[in-house]
Amino acid sequence: MKKDDCIFCKIANGEIPSGTIYEDELFRVILDLGPATRGHALILPKDHASDLYELPEETAAGAMKVAKQIALKMKEKLHCDGLNLVQNNGEAAGQTVKHFHLHLIPRYEGDGQEILWNPGSATKEELDEVRKELTE
């Protein structure tokens, strides 16, 4: 279901022109207008879900299938050295558009991007506590 005031719904459903590189009945993949690297693309479901928490499981699975297909094409055609899949949920995680989307960011040696996080540390007790919370 499309949401009338959502910019990504309008793009995904073809109401706003975009640099489309792939489209099927469920998804549109577009080039990001503010790319982190050459070939940075977004997978947009045509049906609205604000984030991963609202996304139907079938759509989540479909997004990963499309991601694999586009990633292989990027490796073949753009000759990237690696690839980041990035998906943000909520403002605290950097989500700026409230429509689920998955970033495919081709990576090139020396591209200057730092998309990784700074590893922290945790005690065995902290890890055990979190594991217990998540498995109860």
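A nonpolar core is a set of buried Ala, Val, Leu, Ile, Met, Phe, Trp, Tyr and Cys residues joined through side-chain atoms within 4.5 Å. Buried here stands for under 20% relative accessible area, exposed for over 50%, and partly exposed for the range in between (1.4 Å probe, protein chains only). The model is predicted: local features need pLDDT of at least 70, side-chain atom pairs count only at pLDDT 80 or more, and totals for chains, interfaces and linings use all residues. Residues are numbered from 1 along each chain as its sequence is written, and side-chain values use heavy atoms, with hydrogens and water left out.

**Nonpolar cores**

- The largest nonpolar core has 17 residues, of which Val29, Ile43, Val66, Ile70, Met74 and Leu104 touch the most other members.
- At least two residues of this core come from each of strand 2 (27-31), strand 3 (41-45), helix 2 and strand 5 (102-107); helices (H or I, at least four residues) and strands (E, at least two) are DSSP runs numbered from the N terminus.
- Helix 2 gives the largest share of this core, 5 residues.
- Another core, of 9 residues, lies apart from it and includes Cys6, Phe8, Ile11 and Leu42.
- Leaving out residues up to four places away in sequence, Val66 has contacts with Tyr22, Asp24, Phe27, Val29 and Ile43, a contact being heavy atoms within 4.5 Å.
- In soluble globular proteins, nonpolar side chains tend to be buried together.

**Helix 2 and Gly62**

- Gly62 sits in helix 2, which covers residues 57-78.
- Gly62 counts as buried because its relative accessible area is 15%.

**Surface patch**

- Met64, Leu83 and Leu85 make up a nonpolar surface patch with about 250 Å² of accessible area together.
- Patches consist of residues with over 30% relative accessible area and no salt bridge, like charges being joined within 9 Å and nonpolar side chains (Val, Leu, Ile, Met, Phe, Trp, Tyr) within 5 Å.
- Accessible areas are from the Shrake-Rupley method with a 1.4 Å probe, and for residues only the protein chains shown count as cover.
- Leu83 belongs to strand 4 (residues 82-86) and is partly exposed, at 31% relative accessibility.

**Cysteines**

- The whole structure holds 0 disulfides, a disulfide being a pair of cysteine sulfur atoms within 2.5 Å.
- Cys6 is in no disulfide, and the nearest cysteine sulfur, that of Cys9, is 3.8 Å away.
- Cys6 is buried at 6% relative accessibility, and Cys80 is buried at 10%.

**Salt bridges**

- The whole structure has 6 salt bridges, each defined by a side-chain nitrogen of Lys or Arg within 4 Å of a carboxyl oxygen of Asp or Glu.
- Glu23 pairs with Lys46, with 2.7 Å between the closest N and O atoms.
- Glu23 is in strand 1 (residues 20-23) and Lys46 in the loop between strand 3 and helix 2, so this pair ties together parts 23 residues apart in sequence.
- Glu23 is partly exposed at 41% relative accessibility, whereas Lys46 is buried at 13%.
- Lys124 and Asp128 form a salt bridge (2.7 Å, N to O); they are 4 residues apart in helix 3 (residues 124-135), which means a separation of about one helical turn.
- Lys124 is exposed at 58% relative accessibility, and Asp128 is partly exposed at 28%.
- Lys77 forms a salt bridge with Glu76 (closest N and O atoms 3.8 Å apart), and Lys77 is exposed, with a relative accessible area of 52%.
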